Amino acid sequence: MLLRTEELSKAFGGVAAVDAVSIAIEEGTVHALIGPNGAGKTTLLNLLCGIYRPTRGRIVFAGRDLAGRATHEYAAAGIGRTFQNLQVFFNMTALENVMTGRHLLEPCGFAAAALRLPARVREERACRLEAEALLEFVGLAQWRDTPADAMPYGALKRLEIARALAARPRLLLLDEPAAGLNPVETAEIDRLIHSLVTRRVTVVLVEHNMKLVMGVSQHVLVLDYGRVLAEGEPAAVRANPRVVEAYLGAEAR
Amino acid sequence: MSAQFAQYLLTGVTVGAIYALVALGFAIIYNASQVINFAQGEFVMLGGMAAVSLANAGWPLPVAVGAAVALAALLGLALEKLAVEPARGAPVVTLIIITIGASILLRGMAMLVWDKNVHALPAFSGETPIVLGGATLLPQSLWVLGATLVIVALLAWFFHRTLLGKALLATSHNRLAAQLCGISVRHVLMVAFALSAALGAVAGILIAPITFTAWDVGVMLGLKGFAAAILGGLGSGAGAVLGGLVLGIAESMGAGYVSSAYKDVIAFVVMLAVLMFLPGGLLGARASDRV
Amino acid sequence: MRARGLVLLALAVAALPLALPNKYAYDVAILVGLNAIVCVGLNLLIGYAGQISLGHAGFFGLGAYGSAILAARYGWPTPLSLAAAVAGVALLAWLVGRPILRLRGHHLAMATLGLGIIVAIVIATEDGLTGGPDGMSVPPLAAFGVALAGETAWYWAVGALLVGVVWLARNLIDSPRGRALRALHGSEVAAEMVGIDSARHKLNAFVLSAALAALAGGLTAHYAGFITPAKATFLHSIELVTMVVFGGMASTFGAVAGAAVLTLLPQFLTALKDYEMVVFGAVLMFTMIFMPRGLVPTLEKALAAANRRAV
């Protein structure tokens, strides 16, 4: 069991955005997190990567309870994430974005950096090569030296994935990776997610695009009003009447 | 209540009222444009100096005061049009430098137009101190307190009961939504700057008979007014007033009971303490990022 | 690009004396160099890390007075007093930086402003120790009986130090540490999400820039043989920030250029005597309004655009 939550809750003021959610995620699988707008999906994701501190409950990742720790400690534990509203480093090029993603793999002493010691120069070259390889992997090789603020939306979505992968995470949280993409770009994302599985990266994805969700995930979790409404295999969840009602309203039944 | 304590309290409230007016000026501009106007203190200086000039030239005091305030308002308008508007969208640091440049420019102009000496404005209704429970109160202090109360009341009425005032408030809450409702943000900004400058000028005029005025009084007064605005909660009108009064009293008490040499430090220590432990200020909002 | 800029700078420093007519010109050049050292450090904080400090003159002043007091009043040998002053300021910046850097934007600006002013007032008030508003004299920088004296010697010392500091800064920027700073400026949450401890990196940039300011301050004191509280005031803090912003944020050479232009400008303006302040303020406003990204980036963009048209 790679990630397990126990009664995980997050309240803002009096509103429980996530309410006593207990889930289990197996290593090497693709989990989808779906639910109507406002169901708490992004909040749950933010909890799982340490951006929000839980009000209650535990988050056990690879045997360690991470609840209450700082965000960068979640990253250090092996959790990566992409953002729904792009949080690309717009003040850098695509290559630099991905190189920055490798931060955890490059302990860099002050003196070594300031004095440009030979070991540092070698590490820098290795970093650059690996970042280039990742850009190649997500299909962004031609954008290598382009400032991120000059790149198209679809490319930026893939850039975020490349950056997150640079840290070699065990668990990757994708927040609406296909949002705003056309069918061609969405197929790209689909291909990418499949290839992540072969790289033994566990994926949790929040998505509204049902076709993508059903096609790529082994396990689907439905949230509604901050609570788990249903979970299971994609086909089973899709047929679940309570899920249909939550999304489409009682009349749709 | 000992006479000394009462004295410090009265002095503190008087100075605090001035800080409150300056802080209100900051708050109004910050709300309308997210700009910290470092030139705010110079409007305080200009008000006092212009009034002194005109009064010395023989103008009746009320007319001199009115003209000085009008002049400041015009300069505030000029600042908005010539410096702030063209720089719309620039990074925060750049905007800060621009208003600092404006304050240096205004100070330089003041040094040229007037001189480097200290000047006094005649007190509005004489200099005979009033004795109040062992403490003495200058009549001018009553003017300061009275005028501040009237101004605060007028501003409250303006912001909550007039269309223009409400437009200013709307712009401060959500600029885009205000524009979509037909509010001309350009007009709002001009009004905000003119109003702030006028407020600053009034503060400078009110205090000039007591603490005198000179070409460089703007710097400290501006900074302390800003400290007061931060103390009350940047962007909150009521906070600006509260912050000003609390700061004035703290300064007066500190100078009296602890150390008068370090009087100026008190405002900044208070400001630092607020920023480190209660950044929203006494009445300000607590913001959080949405990801 | 990297190596080229550094070589150009080194060449400029080496060749400049040919253009300096007299001692006064050397003096100005040394002043430019010392300001540039502060600005390179401050640029790491403002331009790369995206923070702001309106109180760095406080660190400059503490470095200056720290070394001056240890040397003049307690008889410490000057290289030691200088090192101690820089270390002391670094420690202070580390202690104060932790709580202050939790603030953002205007709040951070005002907190650093307040800090700088408090330092300036304390320096001016504790006249028993510091000589008060009139300042105090400072022994020259000397080791093993040899003093660093005279404009020429100081020029080479400051010039070499500047080239060294720029080299160090550029190395840092091209390393994971530099990328971490730029990342937290770009998106702090995304930076955290790739494992960057943003609080620690902000603090590092703050401490480094404070140490450089203190170093420049101490050197200024020993060079001039005298120091006054004017060097620790809000106005000086503003001058420093303006140099960085004017020269171009996130550009080390921009910081040097900004220091050069804005140190030289008042020299030319003294001819205008009473109009100096008005012109300085006007120039500040004008350039910030029309070149909001600063001089060097604006020139770079114009150059790039001209190149594209030429092709």
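User: In this predicted model, what places A:Thr43 in a helix, and which helix is concerned?

Analyst: The model is predicted. A:Thr43 belongs to helix H1 of chain A, which covers residues 41-48.

User: Why is A:Thr43 called buried?

Analyst: A residue counts as buried if 20 or more other C-beta atoms lie within 10 Å of its own. A:Thr43 has 21 C-beta neighbours inside 10 Å, and therefore counts as buried.

User: Which residues does A:Thr43 touch, leaving aside those up to four places away in sequence?

Analyst: A:Thr43 touches A:Lys10, A:Ala17, A:Val18 and A:Tyr52. One of these, A:Lys10, is 33 residues apart from A:Thr43 along the chain, and the two C-alpha atoms are separated by 7.9 Å.

User: How are the domains of chain A assigned, and what separates their centres?

Analyst: The domain assignment gives domain 1 as 1-78 + 169-253 and domain 2 as 91-167. The C-alpha centres of domain 1 of chain A and domain 2 of chain A are 27 Å apart.

User: How do you know that the two domains of chain A touch, and which elements take part on the side of domain 1?

Analyst: Contact requires C-beta atoms, placed from the backbone, within 7 Å of each other. On that basis, ten residues of domain 1 of chain A are in contact with nine residues of domain 2 of chain A. On the side of domain 1, helix H2 (71-77) and helix H7 (183-198) of chain A are the elements that give two or more residues. H7(A) gives the most, with three residues. By class, this side of domain 1 has seven nonpolar, one polar and two charged residues.

User: What makes the radius of gyration of chain B agree with that of a compact globule?

Analyst: For 291 residues, a compact globule would have a radius of gyration near 19 Å; chain B has 19 Å, so the value agrees. Along its principal axes, the C-alpha trace of chain B spans about 55 × 45 × 35 Å. Of the 291 residues of chain B, 53% count as buried. Among contacts in chain B between residues at least 6 apart in sequence, 77% join residues at least 24 apart.

User: Which elements make up chain B, and in what order do they run?

Analyst: Chain B contains eleven helices and two strands. From the N terminus on, the order is α-α-α-α-β-β-α-α-α-α-α-α-α.

User: What does chain C contribute to the contact with chain B?

Analyst: The contact takes 33 residues from chain C and 37 residues from chain B. On the side of chain C, at least two residues each come from helix H4 (78-100), helix H5 (105-125), helix H11 (234-247) and helix H13 (276-290). H5(C) supplies the largest share, twelve residues. This side of chain C has 25 nonpolar, seven polar and one charged residues.

User: Why is H2(C) called roughly perpendicular to H11(C)?

Analyst: Helix H2 of chain C (residues 23-48) and H11(C) pack at an angle of about 70 degrees, with their axes 9 Å apart. Angles of 65 to 115 degrees count as roughly perpendicular, and therefore H2(C) is roughly perpendicular to H11(C).

User: Which residues make the contact of H2(C) with H11(C), and how do they divide by class?

Analyst: H2(C) contributes C:Asn35, C:Val38, C:Cys39, C:Leu42, C:Asn43, C:Ile46 and C:Gly47. H11(C) contributes C:Leu240, C:Val241, C:Met243, C:Val244 and C:Gly247. The residues of this contact divide into eight nonpolar, four polar and no charged.

Methods. Residues are numbered from 1 along each chain as its sequence is written. Chains are lettered from A and ligands numbered from 1 in the order in which they are written. This is a predicted model: local features need pLDDT of at least 70, side-chain atom pairs count only at pLDDT 80 or more; totals for chains, interfaces and linings use all residues. Domain bounds come from an automatic or database domain assignment. Helices (H or I, at least four residues) and strands (E, at least two) are DSSP runs, numbered from the N terminus. Ala, Val, Leu, Ile, Met, Phe, Trp, Tyr, Cys and Pro count as nonpolar, Asp, Glu, Lys and Arg as charged, and the others, Gly among them, as polar. The radius of gyration is taken over C-alpha atoms; the globule rule is 2.2 Å times the number of residues to the power 0.38. A residue is buried if 20 or more other C-beta atoms lie within 10 Å of its own, exposed if 12 or fewer, and partly exposed in between; C-beta atoms are placed from the backbone. Axes are lines fitted to C-alpha atoms, for helices over the stretch in contact, and angles run from 0 to 180 degrees between N-to-C directions. Angles under 35 degrees count as roughly parallel, over 145 as roughly antiparallel, 65 to 115 as roughly perpendicular and the rest as oblique.
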